[in-house]
Amino acid sequence: MKQIGHFIDGARVAGSSSRSKDIFDPNTGAVQAQVNMATPSELDAAVASAAAAQIEWGKMNPQKRSRVMFAFKEAVEAEMDSLAAMLSSEHGKVLADSRGDVMRGIDVIEFACGIPHGQKGEHTYGAGPEIDVYSMRKPLGVVAGITPFNFPAMIPMWMFGMAIATGNACILKPSEKDPSVPMRLAELFFEAGGPKGLLQCINGDKEIVDAICDHPTIKAVSFVGSSDIAQYVYSRATANGKRAQCMGGAKNHGIIMPDANMDQAVKDILGAAFGSAGERCMALPVVVPVGEGTAEKFLEKMLPAIDAMTLGTSTDPDADYGPVVTQVHKESIEANIDKAVKEGAKVLRDGRGFKLQGHEDGFFVGPTLLDNVTPDMETYHDEIFGPVLQIVRADTFEDAVRLPSEHQYGNGVAIFTQNGRAAREFADRVEVGMVGINVPIPVPVSYHSFGGWKRSAFGSANQYGMEGLRFYTKVKTVTQRWPEGETEDSAFIIPRF
Ligand code: NAD
């Protein structure tokens with residue numbers, strides 16, 4: 001059985017803990033590897049190596065840091081196919097989605113390559129009589145990134161791309177469900193010329209997350225995962241005086257106005273609800289048809305579109321989506337569908353008990369469509385994180401603004417309409433962090449930044465872009481004056497060379 005340890009101080013190590021967890025092949029249900037759960041003393045060793053590496057890296061001129069980021073980007077691009085295959089084999093998403101996962105991470109590395117410009121600081125000449133003021137953005141030192149299973153390439157790169165380019169060392173703690181890609185990324189960074197110890201990968205679960213939050217040398221924690229754990233990590237890390245940005249769960253709504261281009265809306269919502277088996281924090285698991293007859297028009301096109309979808313293994317080039325990540329997660333999705341039915345939802349398509357021929361033990365869940373979902377149902381409020389689309393019918397535009405605004409999560413939302421004025425007002429008023437207008441998954445490009453509102457994010461800094469740059473740096477401001485010297489031998493006389 002393949003054993004996965006950690007990447008510490010520039011080398012793969014086996015891991016000394018007696019605890020490990022199984023990694024599954026979601027296509028077959030078989031255990032394909034085991035990952036060791038790091039101990040706090042392994043974290044200590046990694047942090048010591050990171051702190052040593054950061055001293056020189058933090059002082060290095062930004063153009064040299066940028067060159068290492070460029071070399072890393074090229075190394076990732078050269079391994080795109082093998083990284084995507086590795087990712088699909090542990091996560092279950094289809095290869096095209098895995099390539100997208102790696103590509104979105106590369107986008108952030110590209111942004112990070114521009115760090116000499118981004119980290120320049122500010123300068124005021126003559127803020128007072130012969131007084132100049134300048135500020136610089138200093139790295140924090142050693143920082144940590146804790147990531148979820150659903151984007152094992154992109155989210156680690158969001159974090160360590162920005163952390164390292166700004167002059168920090170980074171300890172990455174990926175999801176224990178699919179750690180192979182983050183491990184390879186850490187190794188690739190080293191192979192591409194990154195200093196030993198600057199980026200390390202420690203595998204583990206709650207025990208090591210707690211140790212990261214408590215470690216005195218770690219100055220900042222970036223977390224992405226489910227909301228309860230995001231809030232817990234935020235509280236624990238900040239109680240220990242660290243900076244923290246902790247992104248949580250989501251339940252994004254797709255609003256369909258009566259004037260929407262229905263063909264386009266259905267195509268977009270199909271991909272956003274069921275793509276990657278719904279395991280995306282920017283998926284659209286709730287659709288809100290607004291006004292009389294809109295739901296019927298939507299269903300007329302959505303039902304055949306769902307029936308035409310193909311479920312397959314993660315390597316099947318014809319599959320629209322593959323299995324979910326674990327049997328436990330499959331059971332949780334199916335239990336949520338059971339509960340929705342008990343709460344009064346009408347099942348229009350039922351993905352429970354789906355078996356893929358030849359892969360009967362794989363973690364597949366068929367596409368599920370639930371109608372007549374209402375805001376008082378628990379399954380409307382909870383994140384299901386599977387291929388389940390819930391329809392909440394609304395009468396008016398005001399309802400369309402209110403539903404996502406009053407929901408506990410506020411990650412993303414999309415509105416489908418041909419009315420620019422309605423779209424503009426919706427974008428202005430809705431209490432959600434990322435808004436799409438005729439764009440189903442409005443993940444901001446790398447030079448903007450990513451972050452939700454309410455229980456979708458704890459802490460004030462978004463991921464990547466200039467917000468990410470600010471999160472990983474602290475500002476020092478110098479106010480200087482060089483008065484004329486009074487005596488001939490004064491050191492204050494301008495030297496003439
Ligand atoms: P998760 O919360 O189970 O795990 C996330 C990380 O926390 C992992 O590294 C895990 O090892 C660690 N962890 C798990 N239990 C812990 C505990 N009790 N104490 C401390 N650490 C613990 O999330 P997941 O299932 O891997 O990922 C899916 C979740 O992530 C969904 O809720 C999804 O919406 C969310 N997500 C959010 C965003 C965003 O940017 N808002 C992006 C992607 C995923």
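Of the area that domain 1 buries against domain 2, 29% is supplied by Asn 27, Val 94 and Ser 456, more than by any other three residues. The model is a predicted one, in which local features need pLDDT of at least 70 and side-chain atom pairs count only at pLDDT 80 or more, while totals for chains, interfaces and linings use all residues. Residues are numbered from 1 along each chain as its sequence is written, and side-chain values use heavy atoms, with hydrogens and water left out.

The protein chain is divided into domain 1 (2-248 + 456-479) and domain 2 (253-437), with bounds that come from an automatic or database domain assignment. The centres of the two domains, taken over C-alpha atoms, are separated by 31 Å. At the interface, 20 residues of domain 1 are in contact with 25 residues of domain 2 (contact means heavy atoms within 4.5 Å).

Asp 97 forms a salt bridge with Arg 280, and their closest N and O atoms are 3.6 Å apart. Eight residue pairs, both members at pLDDT 80 or more, are in polar contact between domain 1 and domain 2 (a pair of N or O atoms within 3.5 Å; within protein, one must be able to donate a hydrogen and the other to accept it, and residues adjacent in sequence count only if both atoms are side-chain atoms). On the side of domain 1 that touches domain 2, the residues divide into six nonpolar, nine polar and five charged.

The ligand is surrounded by 29 residues, the closest being Lys 173, Glu 176, Ser 226, Gly 248 and Glu 383; a residue counts as near if one of its heavy atoms lies within 4 Å. An N or O atom in the side chain of Lys 173 is 2.7 Å from an oxygen atom of the ligand. For Glu 383, a polar side-chain atom lies 2.6 Å from a ligand oxygen atom. The backbone also takes part: an N or O atom of the Thr 147 backbone lies 2.8 Å from an oxygen atom of the ligand.

Definitions and conventions
Buried area = accessible area lost by both parts, 1.4 Å probe. Salt bridge = Lys/Arg side-chain N within 4 Å of Asp/Glu carboxyl O. Nonpolar A, V, L, I, M, F, W, Y, C, P; charged D, E, K, R; others polar.
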